Amino acid sequence: MIFSTPVFFVFFVIYFGLHFAVPRQHRLWLIIAGSAVFYAWWKVEYLWIPFVLMATAYLGGRWIDRVKEPDSRWRPAALAIAALLLPLAVFKYTDFVYRDVFGPFFGIDHGLLNLKLPLGISFVSFTLTAYLVDIYREAFSADHKPKTILAYVLFFPHLIAGPILRPHELIPQLENPRAATPRGFTAPLAIFTLGLVKKLVFADQLSPMVTATYLQDTTSSSLAASLAIIGFAVQVYCDFSGYTDMAIGLAAMLGIRLPQNFRQPYAATSISSLWRRWHMTLMRCLSDYVYLPLSMILARYAVRRRFGKWTMFLLAVVIPVNITFLVSGIWHGAGWNFIAFGIFTGLAMTVEFSWRRASMPKLPKAAAWLLTMLAFLISLCFFRAHSPARAVDMMVASVAGDWSASGAFLAQNLFAIFLIVVFAATHRFDDHRLVRLAVRRTRPELTWAAIFFCWIIAIAVSQGSSGAFVYFDF
């Protein structure tokens, strides 16, 4: 069930009505039942997966909590996390390892299991891993009922693609729900509408052009390659940030506050700043659970060995940041293109941090922005292409391709170019704080007229249909 489809609107109207009718003490059961329907709509035979993952995490958390000796807690934590990640490994990575890692050596060109990837399994696994790690660190208590943990996992606005929530961000809100009231409905609806426009007007309309270009075996046209590379940057942002806008708006209508997941990343003037603004909840988790622990371990080792400043920098910064983005690439998908995406991003971060460490001159803001966007576009090219070789082909074509028939190409893709220009002109205003401020300071009839107008535009442009969200594949 996709947020931007008519069937979801019917589902949410029914759910929203029940939200007001069901007493607060039974609200968790409504979340579980409604979210189960939401998930099962995609593939009912996979409905067991979030329930089994929740049970694994719940029992693992209780097991970790019972071990009081600090030196012994890591064993149950490691086993519980391994058991939790096992379904993800089976569904997502078995065929890749069998076909693409061992296949070239043994002449294997087919998958072993050929299982369809369960919807949202990466996000559910990551969310519950955060739950177990926080219990292990004694940052969160394991003393919560199973229905609370199940509601934490299944809460449908963030179930499929985030934001990725730490247990302390959502569980207290679920255990102590706000009284159901229609007050404050306008701002959440405006945020949802912002996401709807991003998805239907921008992401879905750019998708055919991007997909057609990337699916080609080779690309000879420089304009086609350039437009597809830039178009995908706009598409993936509008698609994913549009999803989280809708998730945040839906949750706010139900009295739940979700953290913002994007903050104008394309306005960043460094690759590290861009990643601090992009999918912020994932980057925060990767920082807390991968980068910082690894950095501290290696930094202590460097201090004990009395290494020099550059060796310390290599151990405490370069190695952890490259491993972190390699993990990010592998987490996003099972393919060499995702590994290349992680490796390239780690190298780009290394160059930036090394430049700072060497106290090199600060670049002019315009030059810094251009280099940041160039690095990000290259990383996204690896992310989108079906192989690293195809990504390189796209990048080479964009600078050394054929410029013939440019007029016909521009005429055929005028609407896509128009969307990219509009996005570039309005990106700096893409902020939920501005949306809430506008709702507060604008007369209600004007606000509702603007929301209605955006819905009409979105429905007209999309012709009443919506494509699947890009991140549903991860």
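Mentor: A pocket is an open set of grid points with protein on both sides within 12 Å along at least five of seven lines. With that in mind we can look at this predicted model, in which about 770 Å³ of space lies in the second largest pocket.

Trainee: Which residues are the closest to the centre of the second largest pocket?

Mentor: Of the 32 residues lining the second largest pocket, Leu194, Val197, Phe429, Val435 and Cys454 are the closest to its centre. Two or more lining residues come from each of helix 9, helix 10, helix 18 (414–426), helix 19 and helix 20 (444–462), and helix 20 gives the most, with eight residues.

Trainee: How do the residues of that lining divide into nonpolar, polar and charged?

Mentor: The lining of the second largest pocket has 24 nonpolar residues, with five polar and three charged ones beside them.

Trainee: What makes helix 9 and helix 19 oblique to each other?

Mentor: Helix 9 (residues 186–215) and helix 19 (residues 432–441) pack at an angle of about 135°, and their axes are 9 Å apart. Roughly antiparallel would need an angle over 145 degrees, and roughly perpendicular one from 65 to 115, so the pair is oblique. The crossing in which helix 9 passes helix 19 is right-handed.

Trainee: Which residues make the contact between helix 9 and helix 19?

Mentor: Helix 9 contributes Thr186, Ala187, Ala190, Ile191 and Leu194, while helix 19 contributes His432, Val435, Arg436 and Val439. By class, this contact of helix 9 with helix 19 has six nonpolar, two polar and one charged residues. Leu194 and Val435 belong to this contact, and both were named among the residues closest to the centre of the second largest pocket.

Trainee: Why are helix 9 and helix 10 called roughly antiparallel?

Mentor: Helix 10 (residues 222–253) packs against helix 9 at an angle of about 155°, with the two axes 7 Å apart. Angles over 145 degrees count as roughly antiparallel, and the pair is therefore placed in that class. The crossing of helix 9 and helix 10 is left-handed, and their contact has 25 nonpolar, eight polar and four charged residues.

Trainee: How do you know that helix 3 and helix 7 are oblique to each other?

Mentor: The axes of helix 3 (residues 48–66) and helix 7 (residues 146–154) come within 10 Å and cross at roughly 130°. That value falls between the roughly perpendicular range, which ends at 115 degrees, and the roughly antiparallel one, which starts over 145, so helix 3 and helix 7 are oblique. Helix 3 passes helix 7 in a right-handed crossing.

Trainee: What residues meet where helix 3 and helix 7 are in contact?

Mentor: Pro50, Phe51, Met54 and Tyr58 in helix 3 meet Pro146, Ile149, Leu150, Val153 and Leu154 in helix 7.

Trainee: How many cavities of 30 Å³ or more does the structure hold, and what lines the largest cavity?

Mentor: There are five such cavities, and about 90 Å³ of space lies in the largest cavity. The lining of the largest cavity is made by Tyr15, His19, Arg27, Ile31, Phe155, Gln173, Leu174, Pro177, Arg178, Leu254, Gly255 and Ile256. Helix 1 (6–21), helix 2 (27–40) and helix 8 (167–175) each give two or more residues to this lining.

Key. Residues numbered from 1 in each chain as written. Predicted model: local features only at pLDDT ≥ 70, side-chain atom pairs only at ≥ 80, totals over all residues. Heavy atoms only, no water. 1 Å grid on protein atoms, 1.4 Å probe; cavity = no way out; pocket = protein on both sides within 12 Å on 5 of 7 lines; lining within 4 Å. Points joined across faces, edges and corners; volume = space filled by probe spheres on them. Helix = DSSP H or I, 4+ residues; strand = E, 2+ residues; numbered from the N terminus. Axes fitted to C-alpha atoms, helices over the stretch in contact; angles between N-to-C directions. Parallel < 35°, antiparallel > 145°, perpendicular 65-115°, else oblique. Left-handed = near helix turned anticlockwise from the far one by under 90°. Contact = heavy atoms within 4.5 Å. Nonpolar A, V, L, I, M, F, W, Y, C, P; charged D, E, K, R; others polar.
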